[in-house]
Amino acid sequence: MTSLVLLEFDAAGIKQPSRSAVAAATALGEVHALVAGVDLAGAAAAAAKLPGVAKVLVADNAALDHLLAEPAAALLLALAPSYSHILAATTAVGKNILPRVAALLDVQPISDIAAVVDADTFVRPIYAGNGMATVKSSDGKKIITVRAASFDPVAAEGGSASIEAIAVGDMPGLSKFISAELSKSERPELTAARIVISGGRGMQNGDNFKLLDPIADALGAAVGASRAAVDAGFVPNEFQVGQTGKIVAPELYIAVGISGAIQHLAGMKDSKVIVAINKDEEAPIFQVADYGLVADLFVALPELAAELERS
Amino acid sequence: MKILVPVKRVVDYNVKVRVKTDGSGIETAGVKMSMNPFDEIAVEEAVRLKEKGVATEIVAISLGVAQCAETIRTALAMGADRGILVETDADLQPLAVAKMLKAIADTEQPGMIILGKQAIDDDMSATGQMLAALLGWSQGTFASKLEVDGGTMTVTREVDGGLETVALTLPSVVTTDLRLNEPRYASLPNIMKARKKPIANMKPADLGVDPAPRLVTIKVDEPAKRQAGKKVGSVAELVSKLKTEAKVI
């Protein structure tokens with residue numbers, strides 16, 4: 001029984017959610033990893049160092065650049081006969097590609113698993129994490145996306161897998177990459193950050209999100225937001241933490257001016273330590289917070305920034 | 001161009017759902033049901049494309065129990081032209097839904113299918129991608145903007161680090177993200193008009209699809225509960241606790 005994990009990477013190496021997907025796959029048996037795109041030498045070398053990976057497949061083809069779903073699914077379909085399980089992280093890339101592969105294999109995908117019970121049985125959240133369903137698949141092959149926050153990622157170094165270039169057949173030409181507009185930030189990615197500080201509707205406008213910056217800088221934290229803040233247009237959607245945004249589980253999550261709607265809690269309640277700052281002491285966020293501070297955020301945030309600077 | 005819009009009947013997003021005490025699933029008896037919010041965005045987008053003259057007809061489709069007809073009526077009141085109900089009591093999963101939608105698309109020959117990026121009940125986020133695969137079409141998932149130009153469509157997608165823009169050959173399947181649009185409320189006259197719009201009724205067998213689930217739910221547990229912690233009196237106390245007690249900064 002061998003699993004294949006589709007990896008995402010950037011110049012810094014294999015992305016953390018993908019390393020969590022490798023961790024989930026190691027619970028199932030031997031693990032092979034796939035890197036696809038162009039100029040893959042660095043990514044292949046980084047993948048080969050992941051502990052637990054036995055072999056790295058390298059699919060170098062211009063059609064696979066940017067991992068568009070149509071060609072990437074065609075590639076995975078071609079590789080599928082050798083594998084019992086195909087996995088990827090529950091990211092925009094994983095969610096886009098894996099269900100497409102599953103349909104082509106006549107398999108019902110198992111989305112966003114939070115635990116592996118056995119080779120056929122997995123635990124996954126439903127209803128925004130208000131229920132944890134244990135599901136058993138009757139399909140011959142399993143197509144799985146992995147909730148990164150639920151699996152400690154494998155280390156970036158320590159392994160020594162073999163690297164094998166694979167032939168890529170004809171790719172469907174249904175889609176074409178035009179451009180990417182990625183937020184430039186010196187801060188860590190939301191899903192990989194050790195500390196996250198998020199603002200909600202209480203921030204009142206987009207400008208006020210700047211109040212979070214000195215604190216995020218002092219702590220090396222990523223900045224997030226509730227859906228309410230995104231809906232109100234304060235910040236772009238990629239900041240969104242919650243059922244319909246990103247799922248995070250940092251060591252410290254600081255919720256500022258966030259009431260704590262179910263949809264938001266679904267995205268952060270597995271954080272190790274939760275801090276809530278809200279002027280409404282009845283806000284539901286306090287029911288999940290380890291430390292609650294009832295205060296006006298416009299007073300508390302500058303104080304917090306100053307306090308952190310002092311120490 | 002004809003547009004199909006699949007709409008799912010789900011527990012209303014404002015309902016605080018509870019796990020059944022026997023662990024067999026989520027309590028849905030007597031709970032308010034509504035159209036999946038992302039599917040509302042899909043209906044709205046289709047209606048806007050019709051208003052722009054891109055779409056000529058909008059067909060709303062729902063699969064599931066008889067009451068899914070109400071969800072179709074909601075779409076008709078928003079501006080869809082007719083409905084198709086595939087009635088079944090089976091526990092439908094995305095693979096079976098995608099197969100049935102494919103069978104309908106084979107007959108209806110739409111130029112585009114727009115649906116929500118995920119349903120807020122099973123949170124699978126799979127049906128649109130699977131439907132595109134079965135049809136052999138392109139897919140524009142998590143769309144926050146789309147523009148149709150002849151035989152191609154430009155879709156801006158919400159991805160992890162920001163936005164990605166792709167050009168897709170039509171026909172195509174689009175799944176909607178939050179910022180694509182803000183769905184309208186149906187006006188009373190339109191709700192009245194929707195009552196007269198036709199809804200065709202069929203069964204999974206009419207589409208040649210076995211709706212049996214491939215995933216069996218063994219049990220549903222309550223998520224681990226967090227205990228409410230303590231209130232701190234000041235920012236200084238908070239920082240001190242985070243340092244000495246929680247040891248996270």
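Let's start with helix H4 (residues 92–104) of chain A, a mostly covered stretch in which twelve of the 13 residues are buried. "Buried" means that 20 or more other C-beta atoms, placed from the backbone, lie within 10 Å of a residue's own. This is a predicted model, in which local features need pLDDT of at least 70, side-chain atom pairs count only at pLDDT 80 or more, and totals for chains, interfaces and linings use all residues. Residues are numbered from 1 along each chain as its sequence is written, while chains are lettered from A and ligands numbered from 1 in the order in which they are written.

**Helix H4 of chain A**
- Among the buried residues of H4(A) are Lys95(A), Arg100(A) and Val101(A).
- After H4(A) comes Asp106(A), with a positive phi near 60°.

**Where the chains meet**
- Chain A brings 70 residues to the contact and chain B brings 64 residues; two residues are in contact if their C-beta atoms, placed from the backbone, lie within 7 Å.
- On the side of chain A that touches chain B, 36 residues are nonpolar, 19 polar and 15 charged. Nonpolar means Ala, Val, Leu, Ile, Met, Phe, Trp, Tyr, Cys and Pro, charged means Asp, Glu, Lys and Arg, and the others, Gly among them, are polar.
- Strand E18 (residues 291–294) of chain A pairs in the parallel sense with strand E13 (residues 230–232) of chain B over three bridges; pairing takes at least two bridges found by DSSP.
- Leu293(A) stands opposite Val232(B) in E13(B).

**Chain B as a whole**
- Chain B has six helices and 13 strands, which are DSSP runs (H or I, at least four residues, for helices; E, at least two, for strands) numbered from the N terminus.
- Of its 249 residues, 50% count as buried.
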